[in-house]
Amino acid sequence: MLTIDSVSKSLGEFSLTDVSLSVGDGEYFIILGPTGAGKTILLETIAGIYSPDAGRILLNGRDITDVPARERNVGMVYQDYMLFPHLTVEANIGFGLKSRRVDPAFIRGKVQEGADLLNISHLLHRYPGTLSGGEQQRAAIARALVMEPEALLLDEPLSALDVKTRETLRAELARIHEATGTTIIHITHNFEEVFDLADRVAIMHGGDVVQVGTPEEIFQRPNSDFVAGFVGVENLFCGEGSPDGTVTVGDLRIRVENGMPGPVSLAIRPEDILLSKKILPENGKNVFSGRVGTVRQNGGLVRVCIDAGIPFRVTLTRQGFEEAGFTPGDAVYLAFRPSAAHVYPSGVQEGA
Amino acid sequence: MSKGNVSRFQMVTIAVALLIAAFIVLVLLGVVTHSPLGVLIECLLSEEIQFAVRLSIITSVVSTLLCILVAVPVAYALARYTFPGKSLMNMVMDIPMALPPLVAGVGLLLFFGVSPIGKALDAVGLTFVFTPLGIIVAQFFVNLPYMLRVTRSTFQGVNPRYEYVAKTLGCTDAQAFWRVTLPMSWNGLLAGSVITWSKGIGEFGAALMLAGATRMKTETLPLSLFLNMSTGKLEFAISAATILIMISIVSLYVFERYGGATHVY
């Protein structure tokens, strides 16, 4: 269990302000956020590279706030691998064990074990400069893992890799997590990594954690305009909530699941909206009529703007779009379940 | 009129470059080929030139080692840490490089000759004025900034995250430096040492002021060149100059070969 308790740290242009987080034993925890959100400083503070200006860090019940990095038993893997270029892969993986002054035969055994786990046993005698990016990152992960860290910190570990290698290594990370049960904190800005790997996700913005939850919670029920925008909720409306579980936006009364009175924000993911030329049965859903506006192709998807008094953005597959034969100006019906319309108090910018 | 892709401007710039390169080669060849080979070898084997070679090598090696010893920690502090007065310190340490060596020499002469510190050192047997020890100090003082600059930029070229990783793997700050940063800086340190050594072996002005120019006592190669030139023993002067030219060319080659790799990481 890793607990970050009201940690603040100022480092010139980057900073952390009163960050609190709790990561469970063996959990795969992902931190998402735009560049400059303070994600890397948070990891480096957990690793002990920086000591916080305020707050505490607890690892498995031990207060490690003032413990130097070398005594924390926290592993660190960077995007650019940071393998020591003057050492072979074997010496890199064994680097930490060598600091512990343990028996060389024991080190060899552990290094071999780590190399086997990452499938790089055939590369042990090579120098990092002769390896591909994926091979280097495997070596860097092995180097951290042989220390059997209480927490493994991954700073955008897959971002420097090509698409295919990234997919392979993503699957490897899931396998390694499964095999070792290590607590992992992984920084990324890639949503696929979140859905494939994360037990829970934290969104960081401006040096603070603004929302924590399962991937589904974060993507379906953002708690602020920032998170909604960041996770790609394109339908974001300001409205007036009423106690009967509806929200009035413009002329529309929208049924929602978690209604609340007063000024609210309403978030609907574009792929949760159904579009049809024929009138749709209500069955408890929200059904509105509108007209097709602009249509934009984007790979296998089509983004359609619908004017229903307020503008809705709807994402369809290309096949679905072509079969239905929508053209700009067509009269259409759109429908979505109340559970797809997520409501949070208006004016919340950073989850405060 | 330009012909093909070669403009007149391009031809003029290249022609100037060629002329200057030819001028440099001619000047150096003029020195090296001035004496007949037999005379040159005879002078190189003479007792005086042998003494100068030996003294030059000993003093320059010792002063270079001192420069490395001082420059490594200082450059590391300047490259990695922030502390009050750092930029001022950076400037102060570069001053000897901009100073005419003769001025540095006068300063050193006064410091070691008449200041209380100098007198105290003299009292315990460390005499720098008009001794070979003075040559070492003069070389050290004038050349430290060169070693410092190369070393500093070498350390700056090593991403501090290598040290961060080393620390998470159980290293203290000092161990991270020894096991990671220093080995990764090898090329830069080698290049810096070679250029410092080569400048040390050619040091004249400051050494002349502090150590004087006494034949067969403080006679390094440049001082030998100066002494023999002023007493009309041209062949001896030429042989000292020939050695200095060869050392310079070899050092330059080593510096270019390894110094260029300083920022690989």
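**Close-up 1. Helices α3 and α7 of chain B cross in this predicted model.** Here α3(B) goes past α7(B) with a right-handed crossing. The two helices cover residues 47-80 (α3) and 132-156 (α7) of chain B. Their axes come within 6 Å and cross at roughly 40°.

**Close-up 2. Chain A meets chain B.** Chain A puts 18 residues into this contact, and chain B puts in 15 residues. On the chain A side, look for α1 (39-47), β6 (74-77) and α2 (89-99), each of which supplies at least two residues. By class, that side of chain A has eleven nonpolar residues, along with four polar and three charged ones.

**Close-up 3. Chain A is assigned two domains.** Domain 1 of chain A takes in 2-220, and domain 2 of chain A takes in 225-345. Going by C-alpha atoms, the centres of these two domains of chain A are 39 Å apart. Their contact draws eight residues from domain 1 of chain A and five residues from domain 2 of chain A.

**Close-up 4. Here is the side of domain 1 of chain A that touches domain 2 of chain A.** Three elements of chain A each supply at least two residues here: β9 (200-205), β10 (208-213) and α7 (215-220). The largest share, three residues, belongs to α7(A). As for class, this side of domain 1 of chain A has five nonpolar and three polar residues, and no charged ones.

Key:
Residues are numbered from 1 along each chain as its sequence is written. Chains are lettered from A and ligands numbered from 1 in the order in which they are written. This is a predicted model: local features need pLDDT of at least 70, side-chain atom pairs count only at pLDDT 80 or more; totals for chains, interfaces and linings use all residues. Domain bounds come from an automatic or database domain assignment. Two residues are in contact if their C-beta atoms, placed from the backbone, lie within 7 Å. Helices (H or I, at least four residues) and strands (E, at least two) are DSSP runs, numbered from the N terminus. Ala, Val, Leu, Ile, Met, Phe, Trp, Tyr, Cys and Pro count as nonpolar, Asp, Glu, Lys and Arg as charged, and the others, Gly among them, as polar. Axes are lines fitted to C-alpha atoms, for helices over the stretch in contact, and angles run from 0 to 180 degrees between N-to-C directions. A crossing is left-handed if the near helix is turned anticlockwise from the far one by less than a right angle, and right-handed if clockwise.
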